[in-house]
Amino acid sequence: MVIYLNGKLVPEKDAVVSVFDHGLLYGDGVFEGIRSYHGRVFLLNEHIERLYRSARAVALDIPMRPEAMAQAVIETCRANDCRNGYIRLVVTRGVGNLGLNPYNCAKPQVIIIASTIQLYPPEFYAQGLKIVTVATVRNHPESVNPNIKSLNYLNNILAKIEAINAGVQEALMLNHTGYVAEATGDNVFAINGHLLTTPPSSSGCLPGITRDAVMKLAAENGFEVRESVMTRYDFYTADEVFLTGTAAEIVPVVEIDRRRIGAGVPGAGTKRLIALLHEYTQLPESGVAIAG
Ligand code: PXG
């Protein structure tokens, strides 16, 4: 495997960062997790745009243009023949000293890893997930805004720990006002008849690229799509619930806090959206070609 590191493709063993990098010392940086399907980088431009928004929000000046970053992702995929894989794009604050001050950091480090995806077990999709609401509240929007995809994931990791300790795989996270925000690394949706509802980004979720794609596909295929402030009640009483994310794609949820959702099995609406998303990944317009 070769890794993109600050403008060069280098062997994995040479792809190293300093112990003084503020990405390591403080989680000071931003990232993206991207998929490639059928030789195309899925929704690459959307991921690049979100990366630069995240960077702007934390006053991190990425030392290259978005177009060059997109090209670097493509080149890294090409060099690793990453046609159906997972790409991790990381920009750290760079090497500084042991103080917090980001302005002492010399230059941001740009890392691109084009690897394989660790898929969730097939039974997650066949049977659906059981999840619980956790006590860890999603970050307050005026502390670390959840719209920022930062390298600091402790908020999400603490929630994940609570879920696993409770014997389930995933957590439902509430925001500081008690409304539903998202899962630890996925957005959350409810289906009621032809109505598809998800919390708005102002409820404290990451504006997921998969979330956007699912909303668009749903609207084009007979669903009424709404972004609304949502309570746990709205999810407990929904016909169907599912999570979306780059890694998970669409994963059905069949139980929340010991309340069975709908019939307790993945529903027809969720299955339809899974099929639509898979079809979409096959279309040339869903991504940027890796070869040629
Ligand atoms: N919410 C959060 C907090 C996330 O981190 C999503 C929603 C879904 O967004 P996308 O754009 O992927 O549809 C994410 C994405 C991984 C991994 O390795 C994925 C994410 C975070 C950390 C790891 O799959 N998140």
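**Helix packing, nonpolar cores and selected residues**

The axes of helix H6 (residues 209–220) and helix H8 (residues 268–282) come within 10 Å and cross at roughly 105°. Axes here are lines fitted to C-alpha atoms, for helices over the stretch in contact, and angles run from 0 to 180 degrees between N-to-C directions. H6 is therefore roughly perpendicular to H8. Angles of 65 to 115 degrees count as roughly perpendicular, those under 35 as roughly parallel, those over 145 as roughly antiparallel, and the rest as oblique. Helices (H or I, at least four residues) and strands (E, at least two) are DSSP runs, numbered from the N terminus.

The model is predicted: local features need pLDDT of at least 70, side-chain atom pairs count only at pLDDT 80 or more, and totals for chains, interfaces and linings use all residues. Residues are numbered from 1 along each chain as its sequence is written, and side-chain values use heavy atoms, with hydrogens and water left out.

On the H6 side, Thr210, Ala213, Val214, Lys216, Leu217 and Ala218 take part in the contact; on the H8 side, Leu273, Leu276, Leu277 and Tyr280 do. Contact means heavy atoms within 4.5 Å. The residues of this H6 and H8 contact divide into eight nonpolar, one polar and one charged. In this count, Ala, Val, Leu, Ile, Met, Phe, Trp, Tyr, Cys and Pro are nonpolar, Asp, Glu, Lys and Arg are charged, and the others, Gly among them, are polar.

Leu44, Ile48, Leu51 and Tyr52 of H2 meet Pro66, Met69, Ala70, Val73 and Ile74 of H3. The residues of this contact comprise nine nonpolar, no polar and no charged.

The largest nonpolar core holds 26 residues, of which Val41, Ile62, Met69, Val73 and Ile87 touch the most other members. Strand E3 (29–37), helix H2 (44–57), helix H3 (66–79), strand E5 (86–92) and strand E6 (109–115) each supply at least two residues of this core. H3 gives the most, with six residues. Another core lies apart from it, with 20 residues, among them Val180, Tyr236, Val241 and Leu243. A nonpolar core is a set of buried Ala, Val, Leu, Ile, Met, Phe, Trp, Tyr and Cys residues joined through side-chain atoms within 4.5 Å. Buried means under 20% relative accessible area, exposed over 50%, and partly exposed in between (1.4 Å probe, protein chains only).

Leaving out residues up to four places away in sequence, isoleucine 87 touches Glu32, Gly33, Ile34, Arg35, Ser36, Val41, Val73, Cys77, Cys82, Ile112, Ile113 and Ala114.

Arginine 35 is placed in strand E3. Arginine 35 counts as buried, at 6% relative accessibility. Its contacts, not counting residues up to four places away in sequence, include Arg40, Val41, Ile87, Leu119 and Glu249. The C-alpha atoms of arginine 35 and alanine 114 are separated by 9.2 Å, and the two residues are 79 residues apart along the chain.

Isoleucine 290 lies in the segment after strand E16 (287–289). Isoleucine 290 is buried, at 3% relative accessibility. Beyond its neighbours within four places in sequence, isoleucine 290 is in contact with residues including Ser36, Val41, Ile74, Cys77 and Cys82. Isoleucine 290 and serine 36 are 254 residues apart along the chain, with their C-alpha atoms separated by 8.8 Å.

Several loop residues were also examined. Aspartate 28 is placed in the loop between helix H1 (22–26) and E3. Aspartate 28 is buried, with a relative accessible area of 14%. Leaving aside its neighbours within four places in sequence, aspartate 28 is in contact with His22, Gly23, Thr92, Arg93, Pro102 and Leu151.

Asparagine 147 is found in the loop between strand E7 (129–133) and helix H5 (154–165). Asparagine 147 is partly exposed, with a relative accessible area of 28%. Asparagine 147 and leucine 206 are 59 residues apart in sequence and 4.5 Å apart in space, C-alpha to C-alpha.

Leucine 43 has a positive phi, near 50°, in a residue other than glycine. Leucine 43 lies in the loop between strand E4 (40–42) and H2, and is buried, with a relative accessible area of 8%. Alanine 59 likewise has a positive phi, of about 55°, although it is not a glycine. Alanine 59 lies in the loop between H2 and H3, and is partly exposed, with a relative accessible area of 49%.
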